[in-house]
Amino acid sequence: ILNKTAGVFKPSKRKVYEFLRSFNFHPGTPFLHKIVLGIETSCDDTAAAVVDETGNVLGEAIHSQTEVHLKTGGIIPPVAQQLHRENIQRTVQEILSASSISPSDLSAIATTIKPGLALSLGVGLSFSLQLVGQLKKPFIPIHHMEAHALTITLTNKVEFPFFVLLISGGHCLLALVQGVSDFLLLGKSLDIAPGDMLDKVARRLSLIKHPECSIMSGGKAIEHLAKQGNRFHFDTTPPLQCAKNCDFSFTGLQHLLNKIIIQKEKEEGIEQGQILSSAADIAAAVQHITACHIVKRTHRAILFCKQRNLLPQNNTVLVASGGVASNFYIHGALEILTNATQCTLLCPPPRLCTDNGIMIA
Ligand code: KG4
Ligand code: ZN
């Protein structure tokens, strides 16, 4: 296992299914439940969880690096790697002792192997492989996006196929989930993810210096300020209006916002780094355009799948996940869309929406 996985080995679907089938349910004998340790280090959170075969979360811990990366103005991969190294052992030990599980009770170790920051992924992978070697347990390589997409099945009874919209700082994709490991990719960002764009705009607006937003992520700060702003002060059209596909794009929006901010700084006679009096209006505008763009592309995807008879007769579920999906304004806009297209909008609870160890386990 060690040798094969070191070369980012992915087992055949048959092997994975064989392994999963070996999980049996034993009513009344909880200690016979198989227990999986999940480890996630694909970006800037060191997360781990132990989950049993019935979906019970026995223990969970996340060590967030957000505060450090906020100070450096973005994720610096070697810094993220170092923080993962410092925290991974502690994070795993914490959940094992909190849930009174000894490493030998584990049935398998599941770890994110892709996609993500190579330096960050490497920490989780080498830690897991060391553990796998010591404990002689099976290793389950996990695709981070598949884990995000299937998380909803932990909290809701959802039938395949369902739509999944993953919108966060590192992800932007829209897919039809037809089964475990069976995804029809309908759209993705051609450049950056929406959360990345919101973080960049928030940074350009220096929202970290805003007394109400200093410890918020960029997207959260934009949402907070947008409530006090007027989106109509900056009216622009969403990107890719004429593109006949379901892809997304956010770089153009970021450049447009930069221009608007430079113009406003001139008008208000302030330097870059000071807070504009129109910051709330800009936040409201960028939040609105982002919502419109996401909804329009998702609408196209729903229409496409309906036209191709890819959807069931009854209600189809749209699962919206990722940090950006926790935005109330964007969530509200998606709800309008799902109501209009006879779909049902579901969102995993916020703690499962963002990167976590449970989804990996
Ligand atoms: O899913 P997540 O925790 O991590 C990954 O990126 O994988 O998402 C973090 C991203 C950040 O870009 C953050 O600015 C954005 O989600 N975000 C939000 C909100 N909360 C977090 N964006 C818009 N509105 C929010 N309330
Ligand atoms: Zn993620």
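Modeller: Keep in mind that this is a predicted model. The UniProt entry, which is unreviewed, annotates residues 56-361 as "domain: Gcp-like".

Biologist: How much helix and strand is there over residues 56-361?
Modeller: The chain there is 46% helix and 17% strand. The end C-alpha atoms of that stretch are 11 Å apart.

Biologist: New topic. Which residues are the protein donors of the zinc ion (ligand 2)?
Modeller: They are His144 (NE2), His148 (NE2), His171 (NE2) and Asp355 (OD). These donors lie 2.1 to 2.2 Å from the zinc ion.

Biologist: How are those donor residues spaced in sequence?
Modeller: The spacing reads H-x3-H-x22-H-x183-D. Take histidine 148 and histidine 171, a pair 23 residues apart that links distant parts of the chain. Histidine 148 sits in helix H6 (residues 144-150). Histidine 171 is in the loop between strand E6 (162-167) and strand E7 (172-179).

Biologist: Are histidine 148 and histidine 171 buried or exposed?
Modeller: Both histidine 148 and histidine 171 are buried.

Biologist: And why is the arrangement around the zinc ion irregular?
Modeller: Because the four donor atoms subtend angles of 88 to 162°. Four donors count as tetrahedral only if all angles lie between 85 and 135 degrees.

Biologist: Okay, over to helix H9 (residues 218-226). How many of its nine residues are buried?
Modeller: Seven, so H9 is mostly covered. Among them are Gly218, Ile222, Glu223 and Leu225.

Biologist: What do the buried residues of H9 pack against?
Modeller: Three helices: H8 (194-204), H11 (279-307) and H12 (328-340).

Terms used. Residues are numbered from 1 along each chain as its sequence is written. Chains are lettered from A and ligands numbered from 1 in the order in which they are written. This is a predicted model: local features need pLDDT of at least 70, side-chain atom pairs count only at pLDDT 80 or more; totals for chains, interfaces and linings use all residues. Side-chain values use heavy atoms; hydrogens and water are left out. Donors are N, O and S atoms within 2.8 Å of the metal (3.2 Å for Na, K and Ca); water is not among the atoms, so sites may look incomplete. Four donors count as tetrahedral if all angles lie between 85 and 135 degrees; four count as square planar and six as octahedral if opposite donors are over 155 degrees apart and all others between 65 and 115; anything else is irregular. Helices (H or I, at least four residues) and strands (E, at least two) are DSSP runs, numbered from the N terminus. Buried means under 20% relative accessible area, exposed over 50%, partly exposed in between (1.4 Å probe, protein chains only). UniProt positions are given in the numbering used here, feature names are shortened, and annotations may be inferred rather than shown by experiment. Contact means heavy atoms within 4.5 Å.
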